[in-house]
Structure formats: C-alpha cells, structure tokens
Amino acid sequence: MKGLSLNIDKLSFSYGSQKILEDLTVQFQAGSFVSIIGPNGSGKTTLLKNISAALVPQKGKVLLQGQDVLRIKPKKLARQMAVVPQDTAVNFAFTVFETVLMGRMPYLKRFESESDRDVAVARWAMEVTHTWHLKDRSITEISGGERQRVIVARALAQEPQVILLDEPVAHLDPQHQMELLELLQTLKESKNLTVVTVLHDLNLAAQFSDYVVLLHKGKVFAAGRPEEVLTVKNIEQVYRVEVVIIPNELTGRFNIIPVAKSTPPQGKLRNCRIHLVCGGGSGAFIMDRLVRSGYQVSCGVLNIGDNDWRKARELGIEIAYEAPFSPISEKAYQKNERLLDRADVVVLLSLPFGAGNLSNLEQVYSALKQGKKVLVVGDRNLAGRDFTGGKATDLYDAIVKDGAVLLAEVKDIFNVLETMY
Amino acid sequence: MEYRERKTRWKLIFFGSLSGTILVMLLCLTIGAVDISVGETFGIVVSKILKLGSYFNFPQYPASHEVIIWQVRLPRIILASAVGAALAAVGGVFQGLFKNPMADPYVLGISAGASLGAASAIAFQLQSVIGFFAVPAAAFAGALASTFTVYCLGKVRTGVSVYTLLLAGVALSAFFSAITSFIIVLHSRETHQIVFWMMGGFSGTTWLHVKTAVPVICGGILLLYCFARELNAMLFGDNTARHLGIDLNRVKKAILILAAMTTAAAVAVSGTIGFVGLIIPHMVRLMVGPDHRILLPAAAVFGAAFMVLTDTVARTILAPAEIPVGVLTAFFGGPFFIYLLRKKKSEFI
C-alpha cells in the first residue's frame, strides 16, 4: 500500500469574523508521523477539520496526493482518510462490534451486506486496539478510554492511507497511550500509513513524530523535525512556560520538562545572599525561584555539564565549578569557600555524596561552626545517599545536630526566608 | 459467527411480526358494530379477491354484509395499518436524524401545517368548489408547505443544521396553530368538524383514500429504509457520518423530503394522530436495539398493528358512536410506554 501525502496550501479559515487559521502552508509526506502541537485555541482542531473536509476554508486548499479534498467524492475520501474526533460520546446503544463494523461503510454498496472480509478487517482492527473483548458490550456502557480505542478501531477498519486523530490519547492511561501511539507507528512503517495527530503532550510528540507542526495564533510558528521545532526558545515563546530539554536515553529522543511559568524576575533585589550546595538537578527549581524572588544566589561546587550547573549558567549566577566527573580540586574548593563566606544563608539540598564531592559537606559543616545559618532539605539521615562508607553520614548527622534547620521540602525554604527577611 | 446469526434474528423478528400484524388485521375485520361471523367475513374477502364466485359455489352473502366488509371495514383497516406504519417509521427516522428522543413525525411542523390546510378547507367550504378530496388535498399541501418552510429556515452556510430545524419546526408549529385557532374562532359553525379532523381518525375511509395514500406511504417507507445504514452512522454525529463517506447534505435532504411526503400522505387521510410516531419507535428500539436496518421495518409493522387495533377499539367500544382514534392512541400508548420506561431502568435510548 502506498501512502498518501498531504499539502496544505495557503489555508485561511474563520468562524464569522474570528480568524482561526491564517495563510497556513505546510506539507506532510506520505508515510510519516506528523504531530500538530500548539496551545489551546491555536487552531489545531480547526486545521484537522479542514484537512478532513469537515470544514470548508475561505481561502486556500488541502491537497491529498495532489487532489483537492473537497472535490473527492465522500465515499472515496473515506476509503483513503479516516478521522478520530476529539469527542466520541454516543447516546445510542450500538454494540462495540457494530460500531467498528461501520468503518466498512465506505466499501459497501447500498444494499450490500458486510462480507466475511469486512468482518475480518473489523476484527483485526479491534484486536490491534485491544478492544476485541468488548465486542458485545454497548458503546454507551464502556469507559471513555475504551470508547476512544473503539473509535480508533473503527477508523482503522476503514483501511485508510491517512489517519487524522484529534487528541487520541487524552482519555487514555499511560499504558494505552503508549500502546496506541506505538500501534500507529507500527502501521506507519508496515502499511506506510500517514499519521496526522493533534497532541498536547510535547514529550509524546517528541518521542513519536517524524515531523512536528507548532501552531501559534492560527499560523505555523515552526515546522520540521522534533528537535528543530521543540526547542526551549520556541516553547517559551508559544506556551509561555520555561522548560528544560534533556536527552532521553531510553527512547533516543528527548524529554521536555516544564520548569516554571515564564515571567520576568520581579525587579526588587533583596539584600540577602544565599549559597546552594546542590547537584544532579536537585537545585534547579529552587535556584530559579530564588532568583525570581530577588535573592542573590550562588552555588557550588558543581561539575560542568550537571543539570544544576546548566541551570545556574542560564540564570547567570555565580558558580564554583569543577571539570566533568572530576573530584573537587583545590581551586574550586577555594572559590566555594569565598562564596560560602559571603552568603547569609547556606542551603544544603538533597543530593548524594561520594568521594568526589564530600568536601562540600565539610565546608557546610565548618560554615555552620562559624555561625552561618544553614538550612538542610531532606531526611533526618543520609540513608541511600551516602557513597563514602559512612564519612558523609557522620558529617550530615553533625550538621543536623549542631543547629542546622531541617526542612522536609524545598518550598519550605521560602517560609524560613520570609520570617528572616 | 454471531454477526450472521443477528441477520437471521432480524429476519425472524420482521417476518414474525409481519405475520402477526396480518393476523391482527384479519381478526379486526371480523369485529364491528354489525355482527358478521368469522366464516362469512373470510368468505366475502376470499370471493372478492379471487373473483371465484363464478367458478365455485360460494354461499350467497347478504349484500349489506358484503358492503360492510368490503367497502367499509377493509379499506379502513388497510389505511389504518399504512398510516400507523408511516408514523412509526418516520418517527424512528426523525429520532435518529435529530438524535433526539423527543422527535416524532410532526417535529417539522407537519401536523400544524396539515391542520391549517384542513381547517381552511373546511372553514371556506372548499368541498363545494373542488369536491370530496378538498380536505385531504389541503392538508397535504399544508403539511408540505410547512416542512419546506422549516427546511429553508434550517439551512445554514455549511448545510442543514438539525438543531435549527427543530427550533424552526417548533416556532412555525406555534404560528400555524395560532392561525388555525383563529380560523376556528371565526367559523364557529365548523368548529366541531375541524376539531374532529384534528383529533384524527379513519371514519369514512373509502378505497379512493387507500389508492391515493397507500402507494405514497409504502414507497416512502421503502425509500427511507434505503437510508438505514446512513442513519446508523448519523447517530454518531454529523462529522462521523461524513468521515464514513456519507454525502451528508444530500442524504439529509433526501430523508427530509421522503419523511415529509410519507407523513403528509398519512396525515392528509387520517388527521393528526399523535403518539404513535413517538412511542412505537421507542418501544421497538427497546426490543431490537438502535440499528435502523431492523428498527425501521419493525417499527413500521408494529405501528401498523397498533393503529389497526386502536382503530378497531375506537369504532366498536361506543358503537354506533366513534371515538377519534388519536384519543385512544394516547390513552393506551401513554401508560404502556411509562410501564416500559419503568421496567427498563437503565438509560433510555
């Protein structure tokens, strides 16, 4: 089966005077997995409805393998393109099997009954979507997630070359989210199916897509391979959230982690210096929040390439750092000492300790001895985080015993700081 | 596999209920104000149909009995069954098309339009101008005119919106009813006749009524049945239907025209008989499920049986006086429907 390509050419659509899509041009290759992403109201669903010929654009056209979708006979179009809509609620008590069998309608003449092959295709569609066991249940009685999969099964029963899906995983649990998207990926590869899906979950889009279209206010903000489109800058501009992008070794793609709502730091600088002892990402969140709240933040000692190191660099705060995977050198130690000296408050975050960074704990302990205010975030003991054979635990216990304030959560830091300043 | 078994089950349901209905019709033929025995009744029918009188030696039946069976009861029963079938089938179609359990054949203003037509014809004495068929013809014209108006009002940029249609139907019905009431007030001498027509009934049915209305009704039901599969898909919403390859605007238009013709033909010869078009489809849906491929034929057959039975009660229970059959359909249908609703506790449609 050869797949079909889609060309969206200068498409403009508006509901009344409200412009939804404006002069939108984008191409999807046959047999590719395309994700349409964008914030609420950016026109994703409207674009999908224009592609499926459910809406008629004011300007421009949608070409399916070079042919205007509005000029293709509905029955023929239904044999080439199937659609899984967002809202799948049904009020009439058809059985699940009857519902899926309706997917064969485009292949039947008016008085023709479903053949054995039609029944077999419907059964196949139900088996790959794991809905065969529901076949005799009423479509009104099954759960929203099950219904979603049944509707996908009906779309697959149409044996389409293009499948359009609007938020297909919205009602699904993580297991079925993965199964459904993996199924689509498999069909893309085995049958050269062109998959076009609206997704809200950027991580799923990053994991499965060959091509991503980022919509913003009815226009294509960016389109291309996932790593070209899903950049920190693009996401921040369109979604107004700050994110961190880290490679995902398990999928070979990357993960996008929202960090905070992207608002400019509140101008007022506080006259309070805080030094963070962190690592491995334990300090990224609090670093950001403290800077935003106007505190003067420093941190150390961090290894170059560490998540906290990246975040600190992004925020432009002062760091005592060391080369990657190296134990703390004398130079970094001295730098950290200076930063500790200047700080009003020292915060020790929940990070593991090994031979390489044990000196951090020693420095915190001596700072405490010199009368610095020390906040410790985490458990009362270092269980599971000590890789020094007990040395770190001894130091940690001493710090907690000798007057450090123990906090259960990172956020508690603010409560303490508020009472102090 | 089970799917094939279902088709067999459907055939059983349909032909079983069809035979039952024919039996009911024959039975009702023997019941009436004048006491004619079962044997005599069937003798008259068989001799009339087969015209065998000249070959076989049928006993001579009294001429009055022949007239009662052949000219009075039989056309009336046939017309009642056709009207019942039409209302029930169109009710089923409209409940699917509008995805609304409250829909009945009259939602598009057909009853109000027909009533207005009939009332005008009666009030302005059109019989004396165009003859005996003036009232049915005016009712038919009124029914089609109101449906057409509602359809034009319901058209939106992208096609036909069923919700706009429903609302336009309600509004136009109210408007036409107001005019009808006004006519009744102005022509108090004809009030009884107009109100009696509006309550609906089959008294005075002739073969001419049967010959004009029944072909339209039968053709309408058969053609509507052709859209059973499309109606199934349309229950899942307009967009789903479109994505399954249905040329939605053309199908909707065809269904509306066919349903309007069928209902108008029924209403023209029987007045506005309520409730049959609402409850019979629901009853049948409870029994056979929502698939229009069995729902429509079964509803038509059950509607026919129900109408013949109620009409028989209407013409015999207070004989020689008659009760308008519309009164009885609601009187019997309402409580029975409520019983079904209570019995089936789960959500309805």
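Q: Which residues lie nearest the centre of the largest pocket?
A: F14(B), L222(B), Y225(B), P297(B) and V301(B), out of 39 lining residues. A pocket here is an open set of points on a 1 Å grid over the protein atoms alone where a 1.4 Å probe fits, with protein on both sides within 12 Å along at least five of seven lines; lining residues have an atom within 4 Å of a point. This is a predicted model: local features need pLDDT of at least 70 and side-chain atom pairs 80 or more, while totals for chains, interfaces and linings use all residues. Residues are numbered from 1 along each chain, chains are lettered from A, and side-chain values use heavy atoms, leaving out hydrogens and water.

Q: Which helix gives the largest share of that lining?
A: α1(B), with eleven residues (helices are DSSP runs of H or I, at least four residues, numbered from the N terminus).

Q: OK, salt bridges. How many over all chains?
A: 26, counting a side-chain nitrogen of Lys or Arg within 4 Å of a carboxyl oxygen of Asp or Glu. One of them joins R293(B) to E114(A), with the closest N and O atoms 3.6 Å apart. That pair crosses between chains, from helix α14 of chain B to the loop between α3 and α4 of chain A.

Terms used. Helix = DSSP H or I, 4+ residues; strand = E, 2+ residues; numbered from the N terminus.
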